[in-house]
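Here are some notes to read with the model open beside you. Take the points one at a time and find each place on the screen as you go.

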Amino acid sequence: MTVTQQGRTPARRASARRSTAASLAPYLFVLPAVFFVAVFLLAPMLYTFWQSFTDADGLRTPNLVGLRNYAELLTSSNFTLSLRNTLIWVVASVVLPVGLAFALALALERVVGGNFFRTALYLPSTLAAAAAGVLFSFIFDPTSGVLNAALGALGFSSLSQTEWLFRSPLNTWSMIATYTWQSVGANLMIFLIGLQSLPREPLEAAKIDGASGLKFPRLITLPLMTPYVTIAALMAAVNGFKVFDLIWVMTQGGPARSSETLAVTMYREGFILFHQGVSAAIAVVISLIALAFSYFYLRNVMDKESHV
Amino acid sequence: MIKLTKSFPLVLTLALSVAAAQTLELYNDKPDWNNNYTKVGDLGAKSGAGFKGVTFADPSTYQAAVRTSLSTSKAPAMFTWWSGYRMKDLVESGTLQDLTPIWQKYQKAGEYGSDLAKAFTFDGKIYALPNNVAYWAVFYNKKAYKDAGITPPTTWAQLESNNAKLKARGVTAFGQSVEDRWPAFIWFEEFLTRQDPDLYERLMVGKAKYTDPGVTKVFTTWKGWMDKGYFTPASTGFGSGGTNGMAKLFAQGKLANILAGDWYTATIAGTGMKPGDDYGVFILPTMNAKARPVIIYEASPLIVSKNAANKAQALKVADFWMSAKAQTLWSNLQSFTPVNNEVTVDNPVTKELTSALSKSKPRLINRIWEATPTEIIEPGVDELSKFMLDPSTQTQVQANLQKLADAYWSKQK
């Protein structure tokens, strides 16, 4: 009996050890990721949140100022203008690069030489936004830019002096056009992959049933592509909230702050005026808006999908 | 072999320490000047005061990097900055090294005048060396002047007459720009200092208002010049951050004058124009012919961090930087107006400006970017841009500028 008990105990212990090790293993695997997320994402987020209640200026020890930074934002006309421009960017970033990419994906499936166009349309996506900004700054230059020169050569002399980046809201739309040129390729790839992976049967059945013209993409392709459209639109919207580099390179949010978005205002407050408390408050506002938007958007889309 | 292996880390450490001591880093936000900093540093290395330039392409990233490191031992040993209110902030944080003893040594030797250090002096202590002192003058295209039959003006009336003659020939008299934001302040300060320099000085320190009649008159003159077509469109690139459309127009003879700091000669040189042959320089006259000439200057400081790990080496470099040897190379490489009295430069336009300065002995007035608080002029340039793009906003712009000034000065009282 004693021998049996003694024999069982180490076996049980070994089994318990294996079971503990087995249950710990997944945690160990995710630990590095958790560590990096905690150190490089959560900690800066919490620090930014705390900083938004201080008068931090990057030089002296910050003092707590309560909600003063948030109150300053709400009463600032520049903040209102930034918020308006940000919303324009978000809507345009979804409608133009995603909408255009979807239309192009449908078209490229049917045209001869589709591969060439796919490559040509994807190439701008490989450029950094700052590089695209510099390139288009030269194109939009009112005195020596290619665009005005081309307009003049084509006989649109009244448009050949246009100050694309110096008049509001034209400057915002010019930058959105640049952004569209640059980001349409990435969305196009998402949609082309989506189109290729669609089940053939419902498409062929729809064709046999007489679906043609615009009815086919609207009633058949689009519903089947919903997961891809959802992801592309969500990513585009979040990028619209965050857009900074392109604007900074092309107009620095000017002239007269007319093309500033929340991200640019945040940068100006934090790194030019060194109002780092105000800058952190703007960062919190951007994050909250993007978070709320993503939550409601995804919930809405998921609800629709579950009904389907 | 064993001995070598064992002693290798020690040798490497020593070698790196020596290298670190010789290659002190001078932080700057001036990519176009960086190679020349290193050239001066190479000259200094011969006397144990070597350094190399480390540049940042974006001034705001640069400011953030320097400010956040100043209170730590990672602070850059030496770095360029801006004088006036932009420097005051750093001085008050107690992170800058007092450089008064170095100045006293060179002032005693007669190499530097007493005025120059004023831009870097706070509570009687001098916290920076002159990185450069730029004078804001008018660069003129000699061929455009010859074709229009005009000469550099000595009075405001002659200046206006020149503008009209240039305009009649289809040549734009002056360039103006809102590109890169800050150039929007250039003509505001130029008109105001030529009209009433005392009002300018009072406005900078909150003792006058942006809505005062004198300031309104400045905007009226400015608008008048725009209406008469004496200025390029405000969208013309100045060349400091984006395209250099203005310098190109100047080289093509479509633009007769550019008013800028003397560092702009490097931008003009980029168009292939030869200083002295193709373009010359003059000081913008005052509106009152009997008044003392006035010129805007921009003093750019070179600072030593108090907390830098290699401060002793930085002080050695600082001493070398002030010497005639270092300044001769620096001023000639950059075509800057010399700040050391023993230095001469070869660039004929710089010579012409130096001679004009010593002949007319103008009243030196600090540039608005440094002379007034950052919290006013940073958003202020956006207001001035608004006016330049749409002069009908004048009243609103003046009111907004005063609102910015009120917000700042009310906190100081």
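This is a predicted model: local features need pLDDT of at least 70, side-chain atom pairs count only at pLDDT 80 or more; totals for chains, interfaces and linings use all residues.

1. Let's start with the meeting of the two chains. Here 28 residues of chain B are in contact with 22 residues of chain A. The size of an interface is often given as the accessible area lost when the parts come together. For chain B and chain A that area is about 2300 Å², and 56% of it lies on carbon and sulfur atoms.

2. What polar links run between the chains? Between chain B and chain A there are 9 residue pairs in polar contact. On the side of chain B that touches chain A, the elements giving two or more residues are α3 (59-69), α4 (85-92) and α17 (374-389) of chain B. The one that gives the most is α17(B), with 8 residues. The count of salt bridges between chain B and chain A is 3.

3. Now find A:Arg60, which is partly exposed because its relative accessibility is 33%. Which residues does the side chain of A:Arg60 meet in salt bridges? One is B:Asp89, at 3.1 Å from N to O, and another is B:Glu92, at 3.9 Å. The pair with B:Glu92 crosses between chains, from the loop between α1 and α2 (68-75) of chain A to helix α4 of chain B. A:Arg60 also forms a salt bridge inside its own chain, with A:Asp57, where the closest N and O atoms are 2.4 Å apart. A:Asp57 counts as buried, at 14% relative accessibility.

4. There is also a network to trace. Salt bridges link A:Arg257, A:Glu260, A:Arg268, B:Arg86, B:Arg181, B:Glu378 and B:Asp382. Over all chains, the structure holds 22 salt bridges.

5. Next, turn to helix α8 (residues 186-195) of chain B. Why is this helix described as largely enclosed by the rest of the structure? The reason is that 10 of its 10 residues are buried. Charged side chains are found here too: B:Glu190 and B:Arg194 form a salt bridge, with their closest N and O atoms 2.9 Å apart. These two are about one helical turn from each other because they sit 4 residues apart in helix α8 of chain B. An α-helix has 3.6 residues a turn, so residues three or four places apart point the same way. B:Glu190 has 0% relative accessibility, and B:Arg194 has 2%.

6. Is B:Leu129 buried or exposed? B:Leu129 is buried, with a relative accessible area of 0%. You will find B:Leu129 in strand β6 (residues 129-141) of chain B. Its contacts beyond four places in sequence include B:Met78, B:Trp103, B:Phe120 and B:Trp321.

7. A:Asn148, in helix α6 (residues 146-153) of chain A, is another buried residue, at 3% relative accessibility. Among its contacts outside its sequence neighbours are A:Asp141, A:Leu159, A:Gln161 and A:Trp164.

8. Finally, look at the surface. A:Phe29 belongs to helix α1 (residues 2-51) of chain A and counts as exposed, at 69% relative accessibility. Together with A:Leu24, A:Tyr27, A:Leu28, A:Val30, A:Leu31 and A:Val34, A:Phe29 forms a nonpolar surface patch with about 780 Å² of accessible area.

Key. Residues are numbered from 1 along each chain as its sequence is written. Chains are lettered from A and ligands numbered from 1 in the order in which they are written. Side-chain values use heavy atoms; hydrogens and water are left out. Patches are made of residues with over 30% relative accessible area and no salt bridge: like charges are joined within 9 Å, nonpolar side chains (Val, Leu, Ile, Met, Phe, Trp, Tyr) within 5 Å. Accessible areas come from the Shrake-Rupley method with a 1.4 Å probe; for residues, only the protein chains shown count as cover. A salt bridge is a side-chain nitrogen of Lys or Arg within 4 Å of a carboxyl oxygen of Asp or Glu. Buried means under 20% relative accessible area, exposed over 50%, partly exposed in between (1.4 Å probe, protein chains only). Contact means heavy atoms within 4.5 Å. Buried area is the accessible area (1.4 Å probe) that two parts lose on being put together, summed over both. A polar contact is a pair of N or O atoms within 3.5 Å; within protein, one must be able to donate a hydrogen and the other to accept it, and residues adjacent in sequence count only if both atoms are side-chain atoms.
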